[in-house]
Amino acid sequence: MLEKLNPGTVTRIEVDGKSRFNYLFLAFGVAIRGFRYMSKVVGIDGTFLKGQYWGVLLVATAQDSNGQCYLLAWGMVDSKNEDAWTWFHTQLKEVIGDTDELALILDRAPSIKKAISTVFEKAHHGACAWHVAHNIRNKFKCADIMGSYWSAVNAYRCEDFAGYMIEISNRYPRVAKYLENEVGFEKWSRCHYPGLRYNIMTMNMVESLNSMLVNARDFPYVALLDLNPVTYHVKGGELEGVVDIFNKTCTCKEFDIDKLPCVYAVVAVHHA
């Protein structure tokens with residue numbers, strides 16, 4: 001049904017040896033086509049589901065030209081382990097390809113890092129600058145150095161970056177070594193990044209989506225897959241119409257004959 005109503009949609013479901021649900025991947029055709037005209041920067045993350053059967057909701061998001069969150073693909077897996085991430089990234093690779101123009105932004109969890117390095121061999125991999133900052137605060141207890149850190153993150157010139165790193169090194173040598181050796185300058189700083197990540201230094205686009213789905217995380221799997229209806233019953237005063245958005249029909253017949261949305265269709269699309 002999805003592939004019929006939304007051409008180009010990619011769906012994948014994997015079950016175990018006893019035909020029990022294991023993994024799911026979904027990318028709508030319209031989202032895949034739209035990504036062709038966007039900056040090739042994709043944020044990838046997962047959030048734990050809280051329903052009876054638990055699991056993890058994985059999302060891959062981009063950012064449109066207006067700076068808005070653009071959901072590219074999502075999936076459901078059993079946990080944030082290397083096998084699940086590898087499966088999800090393999091499906092995602094079929095959708096967005098793997099070129100040196102592609103930038104993948106993620107947190108520094110070992111399982112996702114290893115899986116993404118295995119699947120996406122040509123794309124550049126970057127760290128979320130916010131997650132790096134969070135790790136610095138928790139590991140080194142040095143919130144007062146965050147100003148210099150963020151200046152280093154956003155510096156366009158390497159000489160400016162070097163100046164901010166000197167400030168950090170003079171006050172917290174261990175932090176400087178962590179940023180250079182454990183994380184790597186090329187993963188979190190604008191001027192050292194080998195590819196193109198434009199002005200996208202964090203995974204805010206993914207975190208915004210996770211925040212929007214905070215209540216839906218309690219839903220069962222089937223409810224999470226429930227899509228908006230294509231038929232709407234619209235009432236206004238003494239008049240009413242039943243609109244089928246995809247077939248472009250309405251019981252008032254204006255939509256059918258004129259092929260222009262009637263007043264009921266306009267309301268239906270607004271609430272879709």
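K253 is partly exposed in this predicted model, with a relative accessible area of 46%, where buried means under 20% relative accessible area, exposed over 50% and partly exposed in between, for a 1.4 Å probe and protein chains only. K253 is found in the loop that runs between β10 (249-250) and α12 (254-258), the helices (H or I, at least four residues) and strands (E, at least two) being DSSP runs numbered from the N terminus. Although K253 is not a glycine, its phi is positive, at about 75 degrees. Most residues other than glycine have a negative phi. A positive phi, near 60 degrees, is also found for K259, another residue other than glycine. K259 is placed in the loop between α12 and α13 (263-271), and K259 is exposed, with a relative accessible area of 53%.

The cysteines were examined next. A search of the whole structure finds zero disulfides, a disulfide being a pair of cysteine sulfur atoms within 2.5 Å. For C191, the closest cysteine sulfur is that of C158, and the distance of 3.9 Å is too far for a bond; C191 counts as buried, at 18% relative accessibility. C250 is likewise in no disulfide, the nearest cysteine sulfur, that of C252, being 3.6 Å away. C250 is buried, with a relative accessible area of 3%.

Two packed helices are described by the angle between their axes and the distance between the axes. For helix α6 (residues 146-154) and helix α7 (residues 158-171), the axes come within 8 Å and cross at roughly 160 degrees, where axes are lines fitted to C-alpha atoms, for helices over the stretch in contact, and angles run from 0 to 180 degrees between N-to-C directions. The two helices are therefore roughly antiparallel to each other, a description used for angles over 145 degrees, whereas those under 35 count as roughly parallel, those from 65 to 115 as roughly perpendicular and the rest as oblique. The crossing of α6 and α7 is left-handed, that is, the near helix is turned anticlockwise from the far one by less than a right angle. S148, Y149, S151 and A152 of α6 make the contact with F161, Y164, E167 and I168 of α7, contact meaning heavy atoms within 4.5 Å. By class, this contact has five nonpolar, two polar and one charged residues; Ala, Val, Leu, Ile, Met, Phe, Trp, Tyr, Cys and Pro count as nonpolar, Asp, Glu, Lys and Arg as charged, and the others, Gly among them, as polar.

Residues are numbered from 1 along each chain as its sequence is written, and side-chain values use heavy atoms, with hydrogens and water left out. In this predicted model, local features need pLDDT of at least 70 and side-chain atom pairs count only at pLDDT 80 or more, while totals for chains, interfaces and linings use all residues.
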